[in-house]
Amino acid sequence: MDKFVTHLKRSAVSAEEAQWKKEKLMKRCNEDVCDAEEEFAQPIPWQKIEAESLDCDYCLPFHKNEADRLFNQLEEEVVYFTGDKAKVQVYGKMHNVPRKQATYGDEGLTYSFSGVHLLARPWTPTLIHIRDAVTKATGHTFNFVLINRYKDGDDHMGEHRDDERELDPACPIASVSLGAARDFIFRHKDARTGPAKHQIEPVKLELAHGSLLLMNYPTNKFWYHSLPVRKKVKTPRINLTFRRIIKKLH
């Protein structure tokens, strides 16, 4: 993580990005679909992760004892999908998801990706606690969470972008990691394949137990991310990605 530069979020936003966020927030609030704060609610030692069109922030809001407790509570509370809900569509064919997945959130919300439509279950007490802690740390509100459980280093997630149309672009995606530390890799869309691919270096992070990663605009517009196989990892990890879904699209 030597690419990080530590400073507060308040000083991390460029004038252009701040204007974009202000315009988007005003538009959303005028449409009665947004109640987020533009600034962080309290000072936290965030670490800045930046590259070409990549803007993320990273911190450790949960100390080890609390992170251990939250992990164990989620193991008791979360109900994961099975059957067809545990599959994704890749190039027109359905495949088993190489991890466990669950969705929770406000009543009636659905998240659609890779050919599946996942209805949110009601918030559990532990998810409410984590969601509210993330809101307190970031100043943003969230109405949905996608949970991925990786039993060990064989479970993984392929390259993708969280750019579904129902996601509010004015709200970052907040990723909380509990359990085994895993590598998390960003790759720019222009550096992936094809004759015109650019020489843009990937950005590799290790997401620690109790950590929070914020993926701000325009990261998911230009960068794919993945959690690759790591055979040496023998213990489980739970990842929670908090999002804000635009309710008027449902």
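Rings of Phe, Tyr and Trp (its six-membered ring) pair if their centres lie within 6.5 Å. The model examined here is predicted.

**Exercise 1.** Determine which residues form one aromatic cluster, and classify the pair of Trp123 and Phe242.

*Solution.* A search of the whole structure finds four aromatic pairs. In the pair of Trp123 and Phe242, the centres are 6.4 Å apart and the planes make an angle of 10°. Planes under 30 degrees apart count as stacked, so the pair of Trp123 and Phe242 is stacked. Next, locate the partners: Trp123 lies in the loop between β8 (116-119) and α3 (125-138), whereas Phe242 belongs to strand β16 (residues 237-243), so the pair ties together parts that are 119 residues apart in sequence. Both Trp123 and Phe242 are buried. Finally, Trp123 and Phe242 form one aromatic cluster with Phe142.

**Exercise 2.** Classify the pair of Phe184 and Phe186, and state whether each residue is buried or exposed.

*Solution.* The ring centres of Phe184 and Phe186 are 5.2 Å apart, with 85° between the planes. An angle over 60 degrees counts as edge-to-face, and the pair of Phe184 and Phe186 is accordingly edge-to-face. For burial, the cut-off is under 20% relative accessible area. Phe184 has 8% and is therefore buried; Phe186, at 0%, is buried as well.

**Exercise 3.** Identify the rings over which the charged ends of Arg131 and Arg192 sit.

*Solution.* The charged end of Arg131 sits over the ring of Trp123, 4.7 Å from its centre. That of Arg192 sits over the ring of Tyr224, at 3.7 Å from the ring centre.

Definitions and conventions. Residues are numbered from 1 along each chain as its sequence is written. This is a predicted model: local features need pLDDT of at least 70, side-chain atom pairs count only at pLDDT 80 or more; totals for chains, interfaces and linings use all residues. Side-chain values use heavy atoms; hydrogens and water are left out. Helices (H or I, at least four residues) and strands (E, at least two) are DSSP runs, numbered from the N terminus. Buried means under 20% relative accessible area, exposed over 50%, partly exposed in between (1.4 Å probe, protein chains only). A charge sits over a ring if NZ of Lys or CZ of Arg is within 6 Å of the ring centre and within 35 degrees of the ring normal.
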